[in-house]
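Here are my notes on the model you sent over. Have the structure open while you read.

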Amino acid sequence: MKLIKKEDLPGLYGYLASAGKKIFAPVRKNGMVSFSFTSAFEEIEMSYIQTKLSAKAAAFPKIEKLMKYTIQKEGQSYEPYDVEKFPGIVVWGAHPCDAAAFHPLNAVFTWETHDKYFTRRLENLLIIGLSCTSHDEFCFCTSVGVHPGDTKGSDIQLTPLPGGDYLAEIITTKGEAVAAAVPALFSPAPGLNKEELVTSVEKRFDHEALHAKINGMFDHPVWKEQALRCIGCGACTYVCPICSCFDIQDEGGIFGGLRYRCWDSCGFGHFTIHTSGHNPRESQDTRWRQRLMHKFSYQPQRQEVFGCVGCGRCSRNCPVDMNISEHLTQIMAV
Amino acid sequence: MSDNIYQPYVMRIEQITEEAPDVRTYRLRFTNEEEASRFVFKAGQFAEYSVPGEGECTFCIASSPTRDYVECTFRKAGRVTGALATLDEGDTLGFRGPYGNIFPIEEWKGKNLLFIAGGIALPPMRCVIWNCLDTRENFKDITILYGAKTVNDLVYKQELKEWEARPDVNLVTTVDPGGETPDWKGEVGFVPTILDKMAPSCENTIAIVCGPPIMIKFTFPVLTKLGFPDEAIFTTLENRMKCGFGKCGRCNVGTVFVCKDGPVFTYAQLKNLPAEY
């Protein structure tokens with residue numbers, strides 16, 4: 001355990017930036033905090049409860065250019081983007097939920113077939129976690145096995161101290177390399193109990209019990225009731241740090257263009273519709289059920305990860321006030 | 001294909017066959033000899049076909065792995081197949097695959113085979129049929145029941161004649177009521193009805209069913225009535241797909257990903273899945 005002074009954070013930022021890393025950090029803009037690429041330490045907002053968008057875009061960008069295509073008289077050709085040229089990115093100030101979310105994402109993208117666009121970006125990531133000293137009514141990380149002081153996923157973890165300085169835990173060899181490169185920024189930590197510094201999030205249900213229960217609930221009427229007000233906008237999936245469904249599209253002209261993949265959502269009717277018009281998930285309640293069953297039943301069974309870290313973004317951003325932790329609590333009760 | 005899982009092979013269209021209104025078969029050749037020599041697939045697998053600028057579309061490989069070419073048969077229906085349909089012989093297209101599991105043909109040795117197909121679903125089955133016909137000595141009776149909306153909509157008309165002429169194949173064709181022509185000699189009626197009338201024996205027989213969801217829905221109960229065990233009934237699902245390897249999320253049905261765990265399933269397996277296909 002080390003200590004990094006408030007006034008030394010710009011020095012850490014400066015070192016990482018000078019090492020050629022792009023720094024993806026919470027930035028306050030138009031009254032909203034979101035992860036964005038920054039060009040100066042001053043842009044970073046260190047005291048926030050939750051960002052609008054998660055940090056997942058650092059490894060799974062909203063739009064990933066897969067390849068260029070060209071069409072010539074002799075035929076067509078495809079030229080994939082070189083993943084070896086992907087930049088190193090620092091995710092700065094990710095709360096434990098966001099840092100933990102890269103593991104289930106990785107479970108999808110390395111499930112038998114390895115997706116190098118994702119794995120290369122993840123290898124290039126350095127994650128500076130930020131323990132939570134506050135939370136709001138939407139946070140429910142402790143109900144899904146995450147804790148406001150967790151270091152899982154982080155390379156270095158900062159925990160804010162009342163005076164403005166930070167406890168710094170060096171978690172991984174990546175983190176050690178950074179600490180070794182700028183040793184003057186880190187000093188020995190005072191004897192403090194980290195647990196007393198982080199916030200305490202009430203546990204509303206047990207995720208293992210939820211998993212056991214939800215497995216057999218496919219035909220339960222609760223989905224219809226919960227989804228009555230869902231308008232199928234897909235916002236929950238876009239702000240989710242784990243949702244990883246994507247679309248593949250081409251954009252360009254008759255001589256060339258690019259093929260890219262972009263975030264998609266199981267909340268959309270078009271997600272599953274067949275060309276014939278037949279749609280296996282025809283109504284919004286079946287799509288809502290898919291989202292929850294996938295996260296809490298199917299993913300744990302197939303990829304041994306939970307599809308939720310309890311960040312609460314889906315509830316904060318739902319235009320019709322659906323609240324996932326309330327819905328899950330209801331599922332535990334029915 | 002490079003080690004990039006999204007990069008298609010470039011294939012050249014060697015031959016085009018007009019099968020039915022809006023239905024075409026393309027015979028494809030690799031433009032790269034080395035890729036051609038490395039490529040292997042088995043009956044039941046599918047691929048992603050691309051028209052750059054329009055995108056990719058998914059369908060089964062329609063030719064048998066026992067042949068030295070790759071064929072696909074598709075109906076012009078959406079954006080990508082619409083663009084695919086404008087291609088000419090000599091043009092190129094992108095091809096990613098093969099993906100998915102296979103029909104366990106090896107395990108069917110010594111059995112009777114009953115193929116039941118409807119409409120544009122004969123192509124995925126044609127791969128299996130030719131595979132079995134090219135290794136005919138491995139199987140006992142082979143029966144094919146094929147139905148389409150109208151006589152004109154029957155695909156592989158030339159091959160249907162060929163199968164009809166073979167003494168070692170029992171072919172029954174049918175068209176929906178109203179779809180017959182004055183000189184139509186086949187059956188008239190929906191596939192499940194004709195199957196019921198044919199009443200094939202379930203003894204030592206594997207049934208392979210491929211067709212639109214509505215046909216499958218009504219065909220399975222007939223097979224059950226005829227005594228076919230759920231494990232002896234095979235089908236191939238065609239959920240919407242984008243990636244082909246269990247990442248994009250579209251074809252997830254319960255704990256199964258159709259692209260990885262399927263597309264071939266037995267009726268017994270389907271019974272354990274939610275009906276989201």
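1. H5(B) and H6(B) cross in a right-handed way (right-handed if the near helix is turned clockwise from the far one by less than a right angle, left-handed if anticlockwise). Helices here are DSSP runs of H or I with at least four residues, strands are E runs of at least two, and both are numbered from the N terminus.

2. The axes of H5(B), residues 191-198, and H6(B), residues 213-225, come within 8 Å and cross at roughly 15 degrees. Axes are lines fitted to C-alpha atoms, for helices over the stretch in contact, with angles from 0 to 180 degrees between N-to-C directions. So H5(B) is roughly parallel to H6(B), the word for angles under 35 degrees.

3. On the H5(B) side, Val191(B), Pro192(B), Leu195(B) and Asp196(B) meet Met215(B), Phe218(B), Thr219(B) and Val222(B) of H6(B); contact means C-beta atoms, placed from the backbone, within 7 Å. That contact has 6 nonpolar, 1 polar and 1 charged residues (Ala, Val, Leu, Ile, Met, Phe, Trp, Tyr, Cys and Pro are nonpolar; Asp, Glu, Lys and Arg charged; the others, Gly among them, polar).

4. Between the chains, 42 residues of chain A contact 37 of chain B. E11(A) gives the largest share of chain A's side, 6 residues.

5. Confidence: this is a predicted model, where local features need pLDDT of at least 70, side-chain atom pairs need 80 or more, and totals for chains, interfaces and linings use all residues. Residues are numbered from 1 along each chain as its sequence is written, with chains lettered from A and ligands numbered from 1 in written order. Chain B averages a pLDDT of 95 (the predictor's per-residue confidence, 0 to 100), and the complex gets an ipTM of 0.92 and a pTM of 0.94.

Notes: Two residues are in contact if their C-beta atoms, placed from the backbone, lie within 7 Å. Angles under 35 degrees count as roughly parallel, over 145 as roughly antiparallel, 65 to 115 as roughly perpendicular and the rest as oblique.
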